[in-house]
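This briefing covers ligand surroundings, helix packing and backbone geometry, in grouped points.

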Amino acid sequence: MNNNLKIYVAGHRGMVGSAIVRQLQAKGYKNIVTRTHAELDLSNQQAVADFFQKEKPDQVYLAAAKVGGIHANNTYPAEFIYQNLMMEANVIHQSFENGIKKLLFLGSSCIYPKMAPQPMAEDALLTGKLEPTNEPYAIAKIAGIKLCESYNRQYGRSHGVDYRSVMPTNLYGPGDNYHPENSHVIPALIRRFHEAKERKASEVVIWGTGTPMREFLYVDDMASASVFVMELDKTIYEQHTEPMQSHINVGFGSDVTIKELAEMIAETVGYPGKIIFDITKPDGTPRKLMNSSKLIAMGCSAKVPLHAGLGSAYKDFLHEIQNHSVRA
Ligand SMILES: NC(=O)c1ccc[n+]([C@@H]2O[C@H](COP(=O)([O-])OP(=O)(O)OC[C@H]3O[C@@H](n4cnc5c(N)ncnc54)[C@H](OP(=O)(O)O)[C@@H]3O)[C@@H](O)[C@H]2O)c1
């Protein structure tokens, strides 16, 4: 490991990007380059070209993306596909133009078909129709994987290009978005149980039957996996991937029902009331679990159990409330 490598983390203020910065710092990397969205709009081709020419990093983690829930994806599909395609194309192409050999692209489990066999393995990619609500976002993420692969295939031998991709499951932890209407299930439930506890409410109502199963990974485990894949010996990476199927799943390895999750969060928050399931409301996909056996076979697996991760996530939520960055 060379601690002096100049490493650009794109999206360093996001939940995943900030965890990657923490992980790199903990490993002793001292030369980390960052830019906020306001300082550098990654969808601006010229601005990205100027930045790479000026900074000439050695490695790039591409954790910047336009992300959002079902509502945002459905309302702004043009922005989701355009912004993400532009960011990926600009960062990946300028990395190549500036002689950068190592880049890690972050995708998402939404790249897999809606009806993919469970648990979803890497080879499920492009085998069926995507979930319509976030299809434009998923198409952009698939394009990101294919950009990395295409640059490897065309410039791997001649220029030493080695661009890799990781596809995380649902993430949670410090830096999450606790917005009341537009957040993922864990931050949304943390907030709702916390507010119910404060109000001394006797019950919390949750949509659906509580039976769907979901997988959750603590964001610091995701950051460790990202640095692990970036640093992995090329021979080992190539043994586990193919030139046109090179992405690696990053999951926790097991899932829980929404009911189990709700009970764990209620316990973490210290909410003593009842949890009611409104079975007149839709459930969504019955199960979404990643097959992470490739990553495990390469030597990396999740370390933070769900109950411990939820404890840290709740501390983060309380900290955010104290700092008034979350509307209480
Ligand atoms: N969170 C999850 O559960 C999850 C699960 C699977 C995969 N992922 C993947 O992980 C990656 C990061 O997700 P995240 O949860 O960390 O998202 P996040 O918290 O929203 O962070 C994304 C970051 O990208 C920046 N960004 C967006 N558009 C930009 C632009 N045009 N130019 C420069 N910066 C821009 C954002 O800055 P502003 O906020 O200032 O716009 C933000 O700091 C994404 O690729 C996502 O698909 C996340």
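The crossing of H6 and H11 is right-handed. The model is a predicted one. H6 spans residues 185-199 and H11 spans residues 306-322.

**Helix packing**

- Two packed helices are described by the angle between their axes and the distance between the axes.
- For H6 and H11, the axes come within 11 Å and cross at roughly 65°.
- Angles from 65 to 115 degrees count as roughly perpendicular, and H6 and H11 are therefore roughly perpendicular to each other.
- H11 also packs against helix H9, which runs over residues 258-269; the angle here is about 50° and the axes are 10 Å apart.
- H9 is therefore oblique to H11.
- Right-handed is also the sense in which H9 and H11 cross.
- In the pair H4 and H5, the axes are 8 Å apart and the packing angle is about 15°.
- Angles under 35 degrees count as roughly parallel, so H4 is roughly parallel to H5.
- H4 and H5 make a right-handed crossing.

**Ligand surroundings**

- Around the ligand there are 25 residues, of which Val-16, His-37, Leu-42, Tyr-137 and Lys-141 come nearest.
- By class, the shell holds 13 nonpolar, nine polar and three charged residues.
- Helices H1 (15-26), H4 (77-97) and H5 (135-159) each contribute at least two residues to this shell.
- H4 and H5, the roughly parallel pair, are thus named in the packing list and among the helices that supply the shell.
- Val-16 places a backbone N or O atom 2.8 Å from an oxygen atom of the ligand.
- At His-37 the side chain is involved: one of its N or O atoms is 2.8 Å from a ligand oxygen atom.
- Leu-171 has a backbone N or O atom 3.0 Å from an oxygen atom of the ligand.
- On its own the ligand has 890 Å² of accessible area, and the protein covers 80% of that.

**Backbone geometry**

- Most residues other than glycine have a negative phi, and most peptide bonds are trans.
- Lys-56 is not a glycine, yet its phi is positive, at about 45°.
- The loop that holds Lys-56 runs between helix H2 (45-55) and strand S3 (59-62).
- Gln-118 and Pro-119 are joined by a cis peptide bond, with omega about -10°.
- Pro-119 sits in the loop between strand S4 (102-106) and H5, and H5 is one of the helices that supply the ligand shell.

Notes. Residues numbered from 1 in each chain as written. Predicted model: local features only at pLDDT ≥ 70, side-chain atom pairs only at ≥ 80, totals over all residues. Heavy atoms only, no water. Near = heavy atom within 4 Å. Polar contact = N/O pair within 3.5 Å; in protein donor to acceptor, adjacent residues only side chain to side chain. Areas by Shrake-Rupley, 256 points an atom, 1.4 Å probe, with all protein chains shown as cover. Helix = DSSP H or I, 4+ residues; strand = E, 2+ residues; numbered from the N terminus. Nonpolar A, V, L, I, M, F, W, Y, C, P; charged D, E, K, R; others polar. Axes fitted to C-alpha atoms, helices over the stretch in contact; angles between N-to-C directions. Parallel < 35°, antiparallel > 145°, perpendicular 65-115°, else oblique. Left-handed = near helix turned anticlockwise from the far one by under 90°.
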